[in-house]
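Good morning, and thank you for coming. Please look at the sequence and the structure on the screen while I speak.

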Amino acid sequence: MIFRFTLLRNLLLLLLTAIGAFGGASCRSNKEPDGAPPVARYVNELRRDVQREGKRYNPGVACYVDLTRPDNRYRFFVLDLTRGTILVQGVCLNGVTDAQGRVRYSNEVNSRCSSRGLARIGERYVGGFGRAFRLYGLDAGTRNLRRRAVVLHAWAGVPTRPTTGHPIQSEGCPTLNPLVLDTVARFIARSPKPMLLRFN
């Protein structure tokens with residue numbers, strides 16, 4: 001009788017442990033299933049960009065757009081290159097995707113695709129979506145940004161933080177929530193030199 005009771009108690013404990021483990025895994029997956037962004041890699045890439053481009057650009061603060069991350073997660077980052085930390089992060093729209101939902105990259109005019117490469121953030125202006133910043137490509141993958149009218153701008157439909165839903169696509173512009181762009185704009189305005197932005 002004692003043996004049977006002990007066996008039942010142990011089976012019950014195993015069952016509760018399994019349920020708890022399953023529940024814990026479920027909670028973790030809801031928080032950030034794709035893992036934390038590789039900030040060290042972003043910072044190292046941008047440090048190399050600053051060194052290669054010389055003293056014309058801000059050596060301490062730059063932006064990184066990682067479109068390889070899911071579209072409902074943080075993909076736009078303003079980074080402190082000295083401390084290796086994130087100053088601002090935001091959900092960011094991408095251009096058109098393929099049949100599997102993967103971001104397509106192109107630098108062709110009228111492609112409506114995202115580009116991959118390095119750019120500098122240019123002057124502020126007011127366009128069809130309100131305040132925006134022109135982008136000037138600095139390598140083969142981004143040289144047509146200006147001709148394509150690919151700019152950094154905001155749209156109210158972009159969520160301020162990660163979500164379970166999926167935002168719509170842009171026509172190639174890195175598009176942020178207006179509140180996020182407000183914060184990014186303050187860093188751009190305070191920058192003593194133009195800031196770099198790398199698309200991946």
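Which residues touch the most other members of the largest nonpolar core? They are Phe76, Val78, Ile121, Leu152, Leu176 and Val184, in a core of 30 residues. Before I continue, please note that this is a predicted model.

Several elements give two or more residues to this core: strands E1 (61–65), E2 (74–80), E4 (117–127), E5 (130–137), E6 (151–154) and E8 (196–199), together with helix H4 (178–190). The greatest contribution comes from H4, with six residues. There is also a second, separate core of 17 residues, and among its members are Tyr42, Val50, Tyr57 and Tyr64.

Leaving aside residues up to four places away in sequence, isoleucine 121 touches Cys63, Phe133, Arg134, Leu135, Ile188, Pro194, Met195 and Leu197.

I turn now to helix H4. This helix has 13 residues, and from its first C-alpha to its last it reaches 18 Å, close to the 18 Å expected at 1.5 Å a residue. Which residues of H4 are buried? They are Val180, Leu181, Val184, Ala185, Phe187 and Ile188. These residues lie on the same side of H4, because they cover an arc of only 160° around the axis. On the other side of the helix, Leu179, Ala189 and Arg190 are exposed.

The two ends of this helix also deserve attention. At the start of H4, asparagine 177 has a side-chain oxygen that comes to within 2.8 Å of the backbone nitrogen of leucine 179. Beyond the helix, serine 191 is found in the loop between H4 and E8. Is serine 191 buried or exposed? Its relative accessibility is 15%, so serine 191 counts as buried. The side chain of serine 191 also makes a polar contact, at 2.8 Å, with the side chain of asparagine 58.

Finally, a word on the cysteines. How many disulfides are counted here? The count is zero. Cysteine 92 is in no disulfide, and the nearest cysteine sulfur, which belongs to cysteine 173, is 9.7 Å away. A disulfide would require the two sulfur atoms to be within 2.5 Å. Cysteine 92 counts as buried, because its relative accessibility is 1%. Cysteine 63, which we met as a contact of isoleucine 121, is buried as well, with a relative accessible area of 0%.

Thank you for your attention.

Terms used: Residues numbered from 1 in each chain as written. Predicted model: local features only at pLDDT ≥ 70, side-chain atom pairs only at ≥ 80, totals over all residues. Heavy atoms only, no water. Core = buried A, V, L, I, M, F, W, Y, C linked by side-chain atoms within 4.5 Å. Buried < 20%, exposed > 50% of the residue type's maximum accessible area, 1.4 Å probe, protein only. Helix = DSSP H or I, 4+ residues; strand = E, 2+ residues; numbered from the N terminus. Contact = heavy atoms within 4.5 Å. Expected span 1.5 Å × (residues − 1). Arc of directions from axis to C-beta. Polar contact = N/O pair within 3.5 Å; in protein donor to acceptor, adjacent residues only side chain to side chain.
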